[in-house]
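Q: I have a model open and want to learn how to read it. Where do we begin?

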2 protein chains.
Amino acid sequence: MNTHSNTVELIRKKRGGGVLTRMEIESLIGGYVTGDVPDYQMSAFLMAVFFNGMDTGETAVFTDVMLHSGSIIDLSSIPGRKVDKHSTGGVGDKVSLILAPMVAACGVAVPMISGRGLGHTGGTLDKLESIPGFRTGLTLDEYRDVIRETGLVLSGQTAEIAPADRRMYALRDVTATVESIPLIAGSIMSKKLAEGIDALVLDVKTGDGAFMQSYDDSVSLATALVSIGNSCGKETVAFITGMDQPLGMMIGNWLEVLESAECLKGKNVPDLMELTYVLGGAMVHLGGKARTLAEGITECRSAIWSGRAYEKFLQVVERQGGDASFIRDPGRYPASKFSLEVRATSPGYITGFATRRIGVLAVELGAGRQRVEDPVDPKAGIVLSKKIGARVGKDDLLAVIKTDREEVAGRAVREFSSCVTIGDSPLPAKSCVRATVDKDGVHAWTTPRTY
Amino acid sequence: MNTHSNTVELIRKKRGGGVLTRMEIESLIGGYVTGDVPDYQMSAFLMAVFFNGMDTGETAVFTDVMLHSGSIIDLSSIPGRKVDKHSTGGVGDKVSLILAPMVAACGVAVPMISGRGLGHTGGTLDKLESIPGFRTGLTLDEYRDVIRETGLVLSGQTAEIAPADRRMYALRDVTATVESIPLIAGSIMSKKLAEGIDALVLDVKTGDGAFMQSYDDSVSLATALVSIGNSCGKETVAFITGMDQPLGMMIGNWLEVLESAECLKGKNVPDLMELTYVLGGAMVHLGGKARTLAEGITECRSAIWSGRAYEKFLQVVERQGGDASFIRDPGRYPASKFSLEVRATSPGYITGFATRRIGVLAVELGAGRQRVEDPVDPKAGIVLSKKIGARVGKDDLLAVIKTDREEVAGRAVREFSSCVTIGDSPLPAKSCVRATVDKDGVHAWTTPRTY
């Protein structure tokens with residue numbers, strides 16, 4: 001095999017627990033991008049990182065080198081601080097759709113590059129593309145034009161952004177090297193830092209429906225992400241938030257657009273809007289339009305109440321080619337072939353959801369994809385009627401399942417029923433925000449649930 | 001990337017410390033041979049094995065599956081038990097050249113497939129090919145014909161033998177996954193078990209010049225090798241032997257053929273012949289031509305003294321196309337351009353050699369290769385005058401260095417000098433055999449040095 005021996009020494013060094021220098025990481029990533037370092041050497045390196053990790057400084061350099069493998073968007077011509085939010089992904093997580101126009105309506109520019117759903121989690125791009133005509137594949141020029149005109153932009157990753165990460169992510173997926181905190185952190189941050197942002201708010205999910213199921217792993221990931229962001233000169237804070245039940249009431253691409261539009265018009269879906277206000281408030285604060293998080297939250301509530309956030313949403317949808325008439329009049333949207341009611345078989349209180357399995361069910365209904373190349377059915381999904389803490393009587397409606405797939409429809413009701421736990425007494429109400437992580441460390445979340 | 005997800009699950013299982021089943025190993029190795037499992041998945045798997053190992057049963061199955069990835073030579077038409085020896089490699093280790101004809105002269109057939117030198121160690125094929133005309137690239141038919149006619153055969157690995165190992169070995173070399181005991185054991189044994197042998201004697205080197213430098217690692221490797229051999233129904237014993245000084249007095253391909261020929265004619269080079277008799281005696285014993293190891297050693301000494309071993313050597317050299325006239329009259333062989341004397345700068349006793357560095361120096365002189373594709377200079381090498389324990393006076397000759405490479409010649413004497421330690425008092429004589437490993441476990445070596 002025709003491979004320069006230097007790479008073998010770098011793999012060996014990481015294999016032995018060594019810390020790579022900037023020059024060594026540049027040689028490795030640079031060689032990978034040019035093709036001098038083949039996939040089989042990179043995958044051996046990635047597996048060595050899985051076992052031996054990377055320290056904080058090494059992870060920051062790794063991210064920086066991946067970031068500089070492609071273009072970094074320059075938004076310095078746009079006045080004010082640009083702030084984005086990134087979530088590690090969950091079930092029913094449509095926060096971005098509400099938050100981006102809400103924060104933009106507060107006067108903070110939001111350049112947002114999102115991904116597609118994979119595995120049991122949904123993706124913002126798929127949700128946006130359920131709006132007929134909506135274009136997420138913007139060029140860099142269009143990207144800059146949209147944010148200049150509307151104060152926000154909702155785009156997919158372009159080929160110019162962090163190409164090293166794109167290739168490496170595909171490789172990790174097929175070599176069982178995804179679950180490594182420094183690799184996850186480097187992948188997320190190399191893309192986010194390329195967006196042209198000044199500050200970043202992170203939503204790191206924890207619990208059954210999250211990618212990182214254990215609280216400790218979520219805190220470790222959040223700490224790594226915050227450390228990288230701040231070391232790159234971008235003020236970064238993270239919120240550890242619960243993903244032990246789907247967020248909001250709707251799961252599925254078009255359903256989540258609908259729920260977002262309702263919330264933008266003032267509907268209060270408690271867990272969803274609590275989280276949206278906290279994350280949005282932090283963005284407004286980091287964007288310099290509020291002196292504190294609490295002030296930021298107040299600004300956000302005002303943007304919703306006044307209707308400015310909803311108007312901003314319609315504006316960006318139309319600017320990116322979307323047909324907003326479907327949002328104004330959802331009855332025009334096609335309906336799924338099957339609409340199946342799930343009812344409680346016994347009375348009591350809802351005490352839990354098997355959230356990951358509900359995410360997997362939504363994928364099977366057509367709302368997500370098992371492989372990158374799979375198509376998505378925008379109509380498919382689940383509408384919940386009850387969440388944790390709710391009282392249910394026998395035969396009460398728990399959810400409505402929507403799908404075109406007959407073979408899944410036949411077992412979907414039974415499958416969903418088995419994902420709901422009904423107990424004898426209600427669980428105490430709990431904030432879905434568990435902790436915050438900033439450059440000073442991890443802080444317990446003490447703000448009361450209602451503002 | 002177009003890869004079946006099953007392989008990802010196998011990598012993940014090994015990554016998590018799981019034990020793969022026979023079916024899983026067959027899927028992995030079988031897929032690798034057909035190309036369904038690409039190099040980048042195999043290298044991630046190999047790195048996971050580096051960290052999490054394989055248990056005894058798993059290693060045996062791994063070896064068996066690699067063995068059956070290619071042809072297994074059938075030597076059942078050759079009467080008697082066929083026995084081979086394998087060494088993990090060292091500096092100046094020309095044992096095979098003496099031992100194979102010696103054991104064949106005792107009536108035990110020796111089907112020997114050898115490798116080339118790589119790194120700081122020499123290889124039997126390079127030594128044999130220093131004899132003008134000698135052919136090591138035999139077909140399977142030629143292989144069987146030579147052993148039928150002469151009682152031994154000295155061949156290189158054919159494309160039919162363990163193709164999975166050949167591809168995997170090249171991959172391990174460039175992905176820093178060589179140093180894993182189950183992978184080393186599987187690689188060695190899958191080739192050896194394909195030779196058509198009934199029993200196997202292993203020489204596992206330990207010490208500075210060995211691949212496994214620590215004694216404990218050498219014992220672990222020997223234990224793994226012996227376990228695999230016996231579990232495959234081939235009686236296998238291993239000897240742990242010292243590689244803290246070069247074996248014998250000569251290093252370099254043609255020089256080692258010369259030293260072997262002298263030993264076959266009766267010259268006693270103490271450490272070299274001690275080891276050759278022990279390993280050869282074990283082969284004669286396992287081959288059924290002696291009741292004990294000691295009796296086997298007596299048979300081997302008789303084969304040397306009587307001249308039968310030397311005649312057998314000349315016979316196989318000529319049968320495989322070699323010009324034996326160079327062995328009978330070494331003066332005809334071309335001489336190196338440079339012949340440099342290394343002399344002691346102070347009097348005392350030799351107490352140690354930096355054996356690995358001497359092996360590296362021999363490679364630089366032209367005797368070995370840094371990369372697989374490098375050519376080898378058969379004439380180049382080092383002739384030692386003194387070994388550990390020898391008394392030296394100031395200006396006494398320590399070694400003669402032979403090379404055609406002017407740029408190396410200029411620094412070779414200084415480099416060799418720095419590899420020799422001269423102390424004030426002699427070290428006690430020590431057997432180069434440290435321990436034996438058989439199916440009952442590890443045994444200290446207690447036989448006296450002289451027989």
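This is a predicted model: local features need pLDDT of at least 70, side-chain atom pairs count only at pLDDT 80 or more; totals for chains, interfaces and linings use all residues.

A: Begin with one residue. Residues are numbered from 1 along each chain as its sequence is written, chains are lettered from A and ligands numbered from 1 in the order in which they are written, and side-chain values use heavy atoms, with hydrogens and water left out.

Q: Which strand holds Thr241(B)?

A: Strands (E, at least two residues) and helices (H or I, at least four) are DSSP runs, numbered from the N terminus. Thr241(B) sits in strand β5 of chain B, residues 235-242.

Q: What does Thr241(B) touch?

A: Contact means heavy atoms within 4.5 Å. Not counting residues up to four places away in sequence, Thr241(B) touches Asp203(B), Val204(B), Lys205(B), Thr206(B), Leu275(B), Cys432(B), Val433(B) and Arg434(B).

Q: With which side chain does the side chain of Thr241(B) make a polar contact?

A: A polar contact is a pair of N or O atoms within 3.5 Å; within protein, one must be able to donate a hydrogen and the other to accept it, and residues adjacent in sequence count only if both atoms are side-chain atoms. For Thr241(B) the partner is the side chain of Asp203(B), at 2.6 Å.

Q: Move to chain A. Is Thr206(A) buried or exposed?

A: Buried, with a relative accessible area of 4%. Thr206(A) belongs to strand β4 of chain A, residues 199-206. Its side chain makes a polar contact with the side chain of Ser218(A) at 3.1 Å. A polar atom of that Thr206(A) side chain also lies 3.5 Å from the backbone nitrogen of Tyr215(A). Leaving aside neighbours within four places in sequence, the contacts of Thr206(A) include Met212(A), Ile240(A), Asp244(A) and Arg434(A).

Q: Where is Gly207(A)?

A: Gly207(A) is in the loop between β4 and α10 (215-231) of chain A. It counts as buried, at 15% relative accessibility. Beyond neighbours within four places in sequence, Gly207(A) is in contact with Met212(A), Gln213(A) and Met243(A). Gly207(A) and Leu361(A) are 154 residues apart in sequence; their C-alpha atoms are 18 Å apart.

Q: How do I check a helix such as α10(A), and what should its 17 residues span?

A: The expected span of a helix is 1.5 Å times one less than its number of residues. For α10(A) that is 24 Å, and the end C-alpha atoms are 24 Å apart, which agrees. After α10(A) comes Gly233(A), whose phi is positive, near 80°.

Q: Which residues of α10(A) are buried?

A: First the general idea. An α-helix has 3.6 residues a turn, so residues three or four places apart point the same way. In α10(A) the buried residues include Ser218(A), Leu221(A), Leu225(A) and Ile228(A). Their cover in chain A includes α4 (56-67), α9 (181-192), β4 and β5 (235-242).

Q: What can Thr63(A) show about α4 of chain A?

A: Thr63(A) is found in that helix. At 0% relative accessibility, it counts as buried. Its side chain reaches the backbone oxygen of Thr59(A) at 2.7 Å. Leaving aside neighbours within four places in sequence, Thr63(A) is in contact with Gly186(A), Met189(A), Ser190(A), Leu193(A) and Ile228(A).

Q: How many residues of α12(B) are buried?

A: Of its 17 residues, 15 are buried, so read α12(B) as mostly covered. The helix covers residues 270-286 and reaches 24 Å from its first C-alpha to its last. Gly288(B) follows α12(B), with a positive phi near 85°.

Q: What area is buried between chain A and chain B?

A: The size of an interface is often given as the accessible area lost when the parts come together. Here, summed over both parts (1.4 Å probe), it is about 2100 Å², of which carbon and sulfur atoms give 70%. Each side is counted too: 24 residues from chain A and 24 residues from chain B.

Q: How many salt bridges cross the interface?

A: A salt bridge is a side-chain nitrogen of Lys or Arg within 4 Å of a carboxyl oxygen of Asp or Glu. The rule finds four between chain A and chain B. One of them joins Arg12(A) to Glu179(B), with the closest N and O atoms 2.7 Å apart. Of the elements in chain A, α3(A) gives the most to the side that touches chain B, with ten residues.

Note on methods
Buried means under 20% relative accessible area, exposed over 50%, partly exposed in between (1.4 Å probe, protein chains only). Buried area is the accessible area (1.4 Å probe) that two parts lose on being put together, summed over both.
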